[in-house]
Amino acid sequence: EHFTCAHCNQELGTSNFFERDGQPFCEQDYHHLFSPRCGYCSGPILDKCISAVGNTWHPEHFLCAGCGRQLGDEGFHERGESAYCKTCYFDQFAPKCGGCNTPITEKYISSLNQQWHTNCFVCKECSSPFHDGAFFEHEGHPYCETHFLALRGSLCAGCHKGISGRCITAMFRKFHPEHFVCSFCLKQLNKGTFKEQGDKPYCHECFDRLFG
């Protein structure tokens, strides 16, 4: 009686064989019938096997679903039934920063209906951080008080700081009353009692002395 493979009847003789449920199988048929299958190539896995995202894989066929590179020892991220390298996973699925529009992978600030890297949540105009947490919003972006008021046309032309109370409008600009002064003697001016020269205000005395 011959010692043969239970599947293909090939004589086993001195060849390597595997036993399953008391029956002998040649090496090829055993792997074809019983070895785990690779989720990429569907071929039997004979040696090292990776088990991930609900499937088994040859190590060389366990690839990033985004860029196609082999997923090695640096690890991977799962999404649905796919595996991704760290770069592709964050590029595709991490929230984007409202400031630089790159993926947020660590600590962040949530504000203005967006997420921000902590070092990107700064004034859009001057890039100054908000040390006290106070900021002003304009068209979805954060601003410091100075540049917010500048956008609104509410900066004093004299001290370049915000105007929140009374103001004087002169020469198409706005001033704190105490900062609307003669450009020569620095005396405080009233709106109707000044003369203009070179885009600067002067009191009548200084204007006549300098330009009269």
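The buried residues of helix α1 pack against strands β1 (17–20) and β2 (23–26). Buried means under 20% relative accessible area, exposed means over 50%, and partly exposed lies in between (1.4 Å probe, protein chains only). Helices (H or I, at least four residues) and strands (E, at least two) are DSSP runs, numbered from the N terminus. This is a predicted model, in which local features need pLDDT of at least 70 and side-chain atom pairs count only at pLDDT 80 or more, while totals for chains, interfaces and linings use all residues. Residues are numbered from 1 along each chain as its sequence is written, and side-chain values use heavy atoms, with hydrogens and water left out.

- The buried residues of α1 are Asp29, Tyr30 and His31.
- Helix α1 covers residues 27–34, and Asp29 has its place there.
- Asp29 touches Cys5, His7 and Cys8, not counting residues up to four places away in sequence; contact means heavy atoms within 4.5 Å.
- Asp29 is buried yet has no salt bridge. A salt bridge is a side-chain nitrogen of Lys or Arg within 4 Å of a carboxyl oxygen of Asp or Glu.
- For Asp29, the nearest side chain of opposite charge is Arg37, 9.0 Å away.
- In helix α2 (residues 86–93), the buried residues are Cys88, Tyr89 and Phe90.
- These buried residues of α2 pack against β5 (77–79) and β6 (82–84).

**The chain as a whole**

- The secondary structure of the chain comes to four helices and 14 strands.
- The radius of gyration of the chain is 38 Å, well over the 17 Å that the globule rule gives for 212 residues, so the chain is more spread out than a compact globule. The radius is taken over C-alpha atoms, and the globule rule is 2.2 Å times the number of residues to the power 0.38.
- The C-alpha trace spans about 130 × 30 × 20 Å along its principal axes.
- Of the 212 residues of the chain, 30% count as buried.
- Among contacts in the chain with a separation of 6 or more, 9% are accounted for by residues 24 or more positions apart.
- The accessible surface of the chain is about 14100 Å², and 46% of that surface belongs to carbon and sulfur atoms. Accessible areas come from the Shrake-Rupley method with a 1.4 Å probe; for residues, only the protein chains shown count as cover.

**Charges and salt bridges**

- The chain has 19 positive and 24 negative side chains, with the centres of the two sets 23 Å apart. Lys and Arg count as positive and Asp and Glu as negative, while His and the chain ends are not counted. The place of a charge is taken as NZ of Lys, CZ of Arg, CG of Asp or CD of Glu.
- The structure holds two salt bridges.
- Asp199 is partly exposed at a relative accessible area of 46%, and Arg173 is partly exposed at 29%.
- Another salt bridge joins the side chains of Lys187 and Glu205 (3.9 Å, N to O). This pair also links distant parts of the chain, 18 residues apart: Lys187 is in the loop between β12 and β13, and Glu205 is in helix α4 (residues 204–211).
- Lys187 is partly exposed at a relative accessible area of 43%, and Glu205 is partly exposed at 47%.

**The loop between β11 and β12**

- Met171 lies in the loop between β11 (168–170) and β12, and Met171 is buried, with a relative accessible area of 10%.
- Leaving aside neighbours within four places in sequence, Met171 is in contact with Phe194, Glu196, Asp199, Lys200 and Pro201.
- The C-alpha atoms of Met171 and Phe207 are separated by 16 Å, and these residues are 36 apart along the chain.
- Phe172 is found in the loop between β11 and β12, and Phe172 is exposed, with a relative accessible area of 88%.

**Positive phi angles**

- Most residues other than glycine have a negative phi.
- Phe172 has a positive phi of about 65° although it is not a glycine.
- Ser127, also a residue other than glycine, has a positive phi near 65°.
- Ser127 is in the loop between β8 (114–117) and β9 (136–138) and is partly exposed, with a relative accessible area of 49%.
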